[in-house]
Amino acid sequence: MSERIREKLSILADAAKYDVSCSSSGSTRKNDNKGLGNGHNSGICHTYTEDGRCVSLLKILLTNHCIFDCAYCVSRKSNDITRAAFTVDEVVELTMNFYRRNFIEGLFLSSGIFKNADFTMERLLRVVKKLRLEERYNGYIHLKTIPGASEDLIREAGLYADRMSINLEMPTESGLKLLAPEKTHKEVIDPLKLVQNQIVQFKDEKKLIKNVPTFVPAGQSTQMVIGATPETDKEIMQTADAFYKNFSLRRVYYSGYIPISNDSRLPILGSQPPLVRENRLYQTDWLMRFYGFNVNELLNDANPHLDIDIDPKLSWALRNLQFFPIDINVASYKMILRVPGIGVGSAKKIVQARKFGRLRIDQLQKIGIAYNRAKYFIRCSDSPMQLREYQNTQIKSFILAESQSKYLKNDIQQLILF
Amino acid sequence: MTTFIFDGSMEGLFCAVFEWFERKPGPIKLLTIKQHQPTAFDVLFEVFNNSAKAHRVWKGLSEKLEKGWTRRIYCAYLSEQPDTFQHLFDMICYLFQNPKGAEANYGNEAVLHVAQMARKVEREKHRMEAFIRFQHTADGIFYCGIDPDFNVLPLLLTHFKNRYADQQWIIYDIKRHYGLFYDLHKVEEIQMEFKNITNRTQPAIQSLSEKENLYACLWKDYFKSTNIPARKNMKLHIQHVPKRYWKYLTEKQLDH
């Protein structure tokens, strides 16, 4: 018995790991029935794997049997791998026992499509209903919406899940056509829209009636595979931006493609996953969501790709030196946020602290800004007098010379003559 | 410079503030009894605890500060760091000497130190919420022993009480010799005596429940399967899970 369940867990956790969504935040579910589990608003990462990704949810597939044959997926029909399937009870028992020991923050349940979409969605629904209704479980549940499942099933699932997600897979429709001819973006957009409308509707009702049940309180997310097809960073981020705006998504995840197949349409086996590019995309994503940048400022026709050697904020600042240097003691919060080397926390502290007197370099350093990076873009009360203005290439080389980025280890620095 | 000596409690700290305002001795050095080494030329002042005085200081603070800041002061106190006591003292005096809103002055050394120390304590608390691993013992109690850098047990109480409302659990601070016990109704502070036990973070194997080994095994399997070897990044891994916490983690224990 225990050997069989160990084998299943290994197979189905292995198959689910390429879904990078891991967050467990945003749940407001309270333990008001003296059951097990209580939402933690910011989420908790209970451990980290050796690749540095957080583990907060028990991330498994219900089964890796699948009727589709998408080239980028390990569970594709034509792939020769061991197949397995959990029963509803097995998933429930694993979740409860892991949760009781504080191993996990909740369950992330996805599945390959067996028979058809409705049959699969109905099984997923049975798991979450059993957890919520029979086991009185109030921990986090992230549930995959199965594309093509009926509206009623999706609507019912939303009453029990904290977050629902459905993957865009490829950033553009043409990319998807190439690798998964059976899928379209429309199949993803329709359920996203349905759940989004329901969330809004439940929120409106909540204003009028007190006892409305929660509906997907932690919102929706999606994921795109990066580097499997030849999209530019501009196309990727514009798609992400449109989805953030149109469907109020909480997160878009970017998953660097890890070669898993010999298919000639894809990067060859053994090639490195595009980790730096993935990192730069996430940085851009953060700049859009928390730093007030518009996607077109960071990526446009003149700059369709993000720089690999420097981060997108520094890259924007170097292209727009006409805005700098700014005086820390008078500049608006919005402009301070745009200085490379100053984050949201430090910017807030600066705006509060400067009411009590003009800030000096040592105070800025103590507050926690990366001064060696920011110094080219700011002036404060004791900034040294500077006689000449630097060119953006010079500033870039100064900063690169000081930085210890792990990405630059093997990079050959080009000589700068002037 | 006068040296104030207090007993290291929160009440003592507030009384020190009270006494300072009554005497106005100028800048002082604040030390706990434990740290204090008698010297020849220091002027000493011993602070006696008085709950009425401490209460007045706390009330004054609560009126001046919003809730977030009173919590920060409490968190910074729980750090138990000698220099933090001094900074707390300086900050509280600074707050009382200035109009409302002075806590936003991050240019002030004491204010910034308290804010940053409170953040460290909150981080330790959050790490404990993440890294505590209960083990189910044969008598039905979920047990975990910890030795956090700061005294974060009081901060953990509500989180675990709300989350594990239907199981009995004990979280025991091995370094500070006290723990929390939840008996399905309320949380109590307990003290245990360990006899001839070397590893206190985990119960002995023979006192574990029957299925404990299976779930530990399954969790280790899961931890291995969910890793993507092509993306290996040990530097980031250790940054997120510093080695000093590995002793708690089931997934980091060797197989028996």
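The model is a predicted one, where local features need pLDDT of at least 70 and side-chain atom pairs count only at pLDDT 80 or more, while totals for chains, interfaces and linings use all residues. Residues are numbered from 1 along each chain as its sequence is written, and chains are lettered from A, with ligands numbered from 1, in the order in which they are written.

Chain B first. Its fold has eight helices and eight strands, taken as DSSP runs numbered from the N terminus (H or I of at least four residues for helices, E of at least two for strands). The C-alpha trace of chain B spans about 65 × 45 × 40 Å along its principal axes. Of its 256 residues, 34% count as buried, that is, with 20 or more other C-beta atoms within 10 Å of their own; 12 or fewer makes a residue exposed, anything in between partly exposed, and C-beta atoms are placed from the backbone. Among contacts in chain B (C-beta atoms, placed from the backbone, within 7 Å) between residues at least 6 apart in sequence, 70% join residues at least 24 apart.

Helix α3 of chain B (residues 67-78) makes a handy close-up. Its twelve residues should span 16 Å at 1.5 Å a residue, and the end C-alpha atoms, 17 Å apart, agree with that; the expected span is 1.5 Å times one less than the number of residues. Buried residues of α3(B) include Trp69(B), Arg72(B) and Tyr77(B), and the buried set packs against α1 (10-23), α4 (82-97), α5 (109-131) and α6 (153-163) of chain B. After α3(B) comes Glu80(B), with a positive phi near 60 degrees.

Chain A splits into domain 1 (2-221) and domain 2 (312-408), with bounds from an automatic or database domain assignment. Their centres, taken over C-alpha atoms, are 42 Å apart. The contact between the chains takes 44 residues from chain A and 40 residues from chain B. On the chain A side, α1(A) gives the largest share, six residues.

Most residues other than glycine have a negative phi, and most peptide bonds are trans. The bond from Phe324(A) to Pro325(A), though, is cis, with omega near -5 degrees, and Pro325(A) sits in the loop between α10 (312-319) and β9 (326-327). Arg136(A), in the loop between α3 (117-134) and β5 (140-144) of chain A, has a positive phi near 50 degrees. With 15 C-beta neighbours inside 10 Å, Arg136(A) counts as partly exposed.

Methods. Contact = placed C-beta atoms within 7 Å.
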